[in-house]
Amino acid sequence: MSEKRLKRKKIKKKLFTKNRLVILNEDTFEELFSLRLTMMNVFVVATLGAIIIIFVTTFIIAFTPLREYIPGYASSKLKKDATELALKSDSLTKRIQENDAYIKSIKKILTGELEYAKFNKDSILAVATTEVVDEKEMLPDEEELKLREEVAQEDKYNLFEKAKPKVTTVFFPPAKGLITEKFNAREKHYAIDVALAKNTPIKAILTGKVIFADWTPTTGNVIIIRHNNGFISVYKHAASLTKSQGDAVRTGEVIALAGSTGQESTGIHLHFELWKDGYPIDPTVFINFE
């Protein structure tokens, strides 16, 4: 027990023994500064200083923009940019899904897998619906037939009636040649095939925008143009394309050269399709290919 008491006394004596810190001039040994200290005072001052430094550092990290300069901490601008990019990526994902659905519908047109009776003319992104109409309901009744006859008689003898054009859209022939296969909706041939010489220029039938221009395994080089008034024109089996997707084209402008590309091609010709509001129509009704 005595040894322990002696050790305690020695430690206590060391902690509370006053020491003098003196700063002297090396040349003259003049005392410039002196300070009386004990080990306990030094320990207390060092502890308080460390606590103050930790508190100040924590305050700077938590409540001031200076924390952005500390490695590992993200800046407020970076968080804002990340949030904006996340919102943009969500909108882009939705847009990509819509474009994928649109491209799938265009591929059905290219491959001929589209069902004519079930195609929805309102939107190719919407679900296809079919409505059966009774043919008897489409027949005119007696009153309607009488009204038609009266109007026909009035128009027949009306000398002051001015002629008005009934056609608002005039199509430019994509190419002149012999039609080897005509439009046949029953056999799902929604196009006409025009025999042409190799590298014959293929022209746009109307002003519009190219929505597809690429190579497909079955129909070779294909270009699709969307026009006003719901018209879409399709040109297949081309040897090469002179326009790209997104390009604007004018009426009569060269968009491709005739060829025989794709597995379904039987020779150098143009496979031309014309669509109106989602329905395939016979191009020869509007265009003279001879």
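Leucine 21 has a relative accessible area of 44% and is therefore partly exposed (buried is under 20%, exposed over 50%, partly exposed in between, with a 1.4 Å probe and protein chains only). The model is predicted: local features need pLDDT of at least 70, side-chain atom pairs count only at pLDDT 80 or more, and totals for chains, interfaces and linings use all residues. Residues are numbered from 1 along each chain as its sequence is written, and side-chain values use heavy atoms, without hydrogens and water.

Leucine 21 lies in strand 1 (strands are DSSP runs of E, at least two residues; helices are runs of H or I, at least four; both are numbered from the N terminus). Together with Ile23, Leu32, Phe33 and Leu35, Leu21 forms a nonpolar surface patch. The accessible area of this patch is about 450 Å² (Shrake-Rupley method, 1.4 Å probe). Patch residues have over 30% relative accessible area and no salt bridge (a Lys or Arg side-chain nitrogen within 4 Å of an Asp or Glu carboxyl oxygen). Nonpolar side chains are joined within 5 Å, like charges within 9 Å. Strand 1 (19-24) and strand 2 (31-37) each supply at least two residues of the nonpolar patch. Strand 2 gives the largest share, 3 residues.

A patch of positive charge also occurs on the surface. Its members are Lys4, Arg5, Lys7, Arg8, Lys9, Lys10 and Lys14. Lysine 7 belongs to helix 1 (residues 2-16). Its relative accessibility is 56%, so lysine 7 counts as exposed.

Lysine 13 is also found in helix 1. Lysine 13 is exposed, at 61% relative accessible area. Its C-alpha atom is separated by 9.7 Å from that of threonine 38, 25 residues apart along the chain.

Notes:
Lys, Arg positive; Asp, Glu negative; His and termini not counted. Charge placed at Lys NZ, Arg CZ, Asp CG, Glu CD.
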